[in-house]
Amino acid sequence: MARILTVAGAQLGPIARDEPRHAVVQRLIAMMRAAADHGADLVVFPELALTTFFPRWMMEDEAELLRFYEREMPSPETQPLFEESLRLNIAFVLGYAELTADGQRFNTAILVERGKIVLKYRKVHLPGHGEHEPWRAFQHLEKRYFAVGDLGFPVVRALGGNMGLAVCNDRRWPETYRVMGLQDVELIAIGYNTPLHNPPAPVHDALGLHHNTLVMQAGAYQNATFVVGVAKCGVEEGVMQIGGSQIIAPSGETIGAATTLEDEVFLARCDLDLCGSYKRSVFNFAAHRRPEAYGLITARAGAVPPEES
């Protein structure tokens, strides 16, 4: 018997720097209702879905910076989203900037089922830089504003399957998918905010959408899992961010996609049992993996060329 999970991606258009939380939450609720109207069991929102992508600015004023973080989840401003999720009987994934009680800052995503947080993930692969670089047209200060995630890549049993989360730049790294693949993951939800222009390597700009699709399709196929990638996109505070939101099957095929750069809900029916045909054959890890040959993956961070003979 098939295990059908109807999944909605809730792509966001731009969020202005001064747009209030309650207004953003109402946008999220509107998309959650649209997803529920179409029979979705799960709706996936992007990375930093409650605010503009604030790492694009160097901020010396601590009070100005901290207003972009959530001190509790749910908060009074986000509680309506949790309540609507419970009323509609729809689960959701939400990305946000987290400020912990002891002052740590993380780029975080959560999975909420039946009004409860059942999975929390903190972004591991932080891109960008830690100091102000005035030569850039815009900053990318994630290494300044966030700590490296400390929860690993957990997978939980939820919604009748094995669920995992990742955030933005994590999708480019094969280790992200493989660590969850080794936990028999069946669906990975990934939110992102990705600028079209890459200041250190502008030659990549024309390939942004290609690379976005490439890495998520590869991760899905090589780990026999569905991947749901959802963007915050469009021209946000003068910076163009790519769309390319899509739902990918374990075959590596895109089975649902957004077609705009605005708030948009798109859906796909995901048969989680489809993962099994790949997990039992070409990607039967127990039969075919050779961990003894992969030592460099955890022993070394940077590439070192072989010695000259």
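This report describes the nonpolar cores, pockets and salt bridges of one predicted model.

Residues are numbered from 1 along each chain as its sequence is written, and side-chain values use heavy atoms, with hydrogens and water left out. Because the model is predicted, local features need pLDDT of at least 70 and side-chain atom pairs count only at pLDDT 80 or more, while totals for chains, interfaces and linings use all residues.

**Nonpolar cores**

In soluble globular proteins, nonpolar side chains tend to be buried together. A nonpolar core here is a set of buried Ala, Val, Leu, Ile, Met, Phe, Trp, Tyr and Cys residues joined through side-chain atoms within 4.5 Å. Buried means under 20% relative accessible area, exposed over 50%, and partly exposed in between, with a 1.4 Å probe and protein chains only. The largest core holds 46 residues, and those with the most contacts inside it are Val7, Leu42, Leu111 and Leu187. Apart from it lies another core, of 25 residues, including Val43, Ala49, Phe92 and Leu94. Not counting residues up to four places away in sequence, Leu111 touches Leu42, Phe92, Val93, Lys116, Ile117, Val118, Leu119, Ala158, Leu159, Met163 and Leu165, where contact means heavy atoms within 4.5 Å.

**Pockets**

On a 1 Å grid over the protein atoms alone, a pocket is an open set of points where a 1.4 Å probe fits, with protein on both sides within 12 Å along at least five of seven lines; lining residues have an atom within 4 Å of a point. Grid points are joined across faces, edges and corners, and a volume is the space filled by probe spheres set on the points.

The largest pocket has a volume of about 640 Å³. Its lining has 24 residues, and the closest to the centre are Pro174, Glu175, Arg178, Val179 and Ile297. Helices α5 (174–181), α6 (208–222) and α9 (295–299) each give two or more residues to this lining, with α5 giving the most, 5 residues. Helices (H or I, at least four residues) and strands (E, at least two) are DSSP runs, numbered from the N terminus. The lining divides into 12 nonpolar, 6 polar and 6 charged residues.

The second largest pocket has a volume of about 550 Å³. Of its 24 lining residues, Pro127, Asn169, Arg172, Thr194 and Asn198 lie nearest the centre. This lining has 9 nonpolar, 10 polar and 5 charged residues. In these counts Ala, Val, Leu, Ile, Met, Phe, Trp, Tyr, Cys and Pro are nonpolar, Asp, Glu, Lys and Arg charged, and the others, Gly among them, polar.

**Salt bridges**

A salt bridge is a side-chain nitrogen of Lys or Arg within 4 Å of a carboxyl oxygen of Asp or Glu. The whole structure has 23 of them, including these:

| Pair | Closest N to O |
|---|---|
| Arg27 and Asp263 | 2.7 Å |
| Glu142 and Lys123 | 2.8 Å |

Arg27 lies in helix α1 and Asp263 in the loop between β13 (254–257) and β14 (264–271), so their bridge ties together parts 236 residues apart in sequence. Arg27 counts as buried because its relative accessibility is 19%, whereas Asp263, at 33%, is partly exposed. Ala30 is also in helix α1 (residues 21–37). Ala30 and Glu264 are 234 residues apart in sequence and 10 Å apart in space, C-alpha to C-alpha.

Lys120 is partly exposed at 26%, and Glu98 is buried at 7%. Both Glu142 and Lys123 are buried. Salt bridges that share partners also join Arg3, Arg157, Glu186 and Asp273 into one network.
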